[in-house]
Amino acid sequence: MAAAPAGAAAAIVDVRPLGGRQFEVDVYSPAMDRTIPVWISHPDGPAPALYLLNAVDGGESGGPWTNRTDAAQFFADKQVNVIQPIGGRASFYTDWAADDPVLGRNKWSTFLIDELPVALSDRFALTGRNAIAGTSMSATSALDLAIEAPGRYQAVGAFSGCSGTSDPMSAAVVRSELQLFGANADNMWGGPGNPAWAAHDAVLNADRLRGVALYLSAGNGLPGVHDTLADPSIGGDIGRLTDRLAVGGSMESVVHGCAAALAGRLASLGIPATAVFRNGTHAWPYWQDDLHDSWPVFAAALGV
């Protein structure tokens, strides 16, 4: 892999074809002064973009969307560039106020909003119409990025994520996700009570989502269609099912309250949204369903 010189503009450093329409692309980020690997599904000809953000591990340890779901196959016949950055564990894909001793420098909103689209535009024939979607941690991020950059995204998908960031419960959820990786949330948006926490809160800033096609989803923590021994994701493993029901059920019951708060706020403002609430836990099979089910919403907004 070639190295980009410090101080260089955002740019593609290397492109590695993976077969068919799939590519792995290294993109230099001046804001973070490092290259970021990006998986891309690129159709023939100009096309809009769907930015697909990974969960709390950034796709590094548990695996990205393309390992956990059928995303590559699902989009193989669709006229859209699917763009999946790899990395950003526990970062909330936002710009941090300070470098973190564990995570280093996080300037992800700058990368995603300002750097990555410019770097990819010519090589992958981006049209300038965009959607963004995320799950769990990055569901919060997808909403936040749309709030931060009005008009940049025509559609947003938030699957099983906490849309709030500043009320006590939501802030505790955010901090707990960072603590899983040993990161200090004070380095992200400051200490408790810092106004930055409210600035990134999609419930408080819901009016900034007006005009965006929105798809929200969450389970209620109760067993759903994928929480059975017969489901392929469980494969008859009673231990795996027990863990999903206990851990994933508890997590999703909290998420459900967050998502419902945003849905209620949007309704009170007269902002339309597709909100899907179901039985189910915090698990990838549901997010694969969400990706399929949200696509008509995204496609209409993108003009595909």
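**Ground rules**

I number residues from 1 along each chain as its sequence is written. Because the model is predicted, local features need pLDDT of at least 70 and side-chain atom pairs count only at pLDDT 80 or more, while totals for chains, interfaces and linings use all residues; side-chain values use heavy atoms, with hydrogens and water left out.

**The sheet**

I looked up the strands and helices, which are DSSP runs numbered from the N terminus (helices: H or I, at least four residues; strands: E, at least two). Two strands count as paired if DSSP finds at least two bridges between them. I found an open sheet of nine strands with mixed pairing, in the order 1-2-3-5-4-6-7-8-9. Strand 1 (11-19) and strand 9 (274-278) are its edges, and each pairs on one side only. Neighbouring strands are turned by 20° against each other on average, direction ignored. Axes here are lines fitted to C-alpha atoms, for helices over the stretch in contact, and angles run from 0 to 180 degrees between N-to-C directions.

I then followed strand 2 (residues 22-29), which pairs with strand 1 in the antiparallel sense over seven bridges. Across this pair, R16 stands opposite E24 and V15 stands opposite V25. The hairpin of these strands has two residues between them, and G20 takes a positive phi near 65°.

On to strand 3 (residues 34-41): eight bridges join it to strand 2, and the two run antiparallel. Y28 stands opposite T35 in strand 3. This hairpin has four residues between its strands, with D33 in the turn at a positive phi of about 50°.

I also checked burial, where buried means under 20% relative accessible area, exposed over 50%, and partly exposed in between (1.4 Å probe, protein chains only). Six of the eight residues of strand 2 are buried, so the strand is largely enclosed by the rest of the structure.

**Helices**

Contact means heavy atoms within 4.5 Å. I found helix 8 (residues 238-268) lying across strand 8 and strand 9, at about 150° to strand 8.

Helix 3 (residues 108-120) bends by about 35° at D114, and the proline P117 follows within four residues. The bend is the angle between axes fitted to the seven residues ending at a residue and the seven starting there. Ten of the 13 residues of helix 3 are buried, so this helix is largely enclosed. Among them are W108, F111, E115 and L116.

**Cores**

A nonpolar core is a set of buried Ala, Val, Leu, Ile, Met, Phe, Trp, Tyr and Cys residues joined through side-chain atoms within 4.5 Å. The largest has 57 residues, of which I83, L116, L120 and V156 touch the most other members. I listed contacts of L116, including V27, V38, Y51 and I83. A second, separate core of 27 residues includes A283, L291, W295 and V297.

**The disulfide**

A disulfide is a covalent bond between the sulfur atoms of two cysteines. I counted a pair of cysteine sulfur atoms within 2.5 Å as one. The count comes to one disulfide, joining C162 to C258 (S to S 1.8 Å). C162 sits in the loop between strand 7 and helix 5 (168-179) and C258 in helix 8, 96 residues apart. The torsion about the S-S bond is about -40°, so the disulfide is left-handed. C162 is buried at 5% relative accessible area, and C258 is buried at 4%.

Notes
Lists of a residue's contacts leave out its neighbours within four places in sequence.
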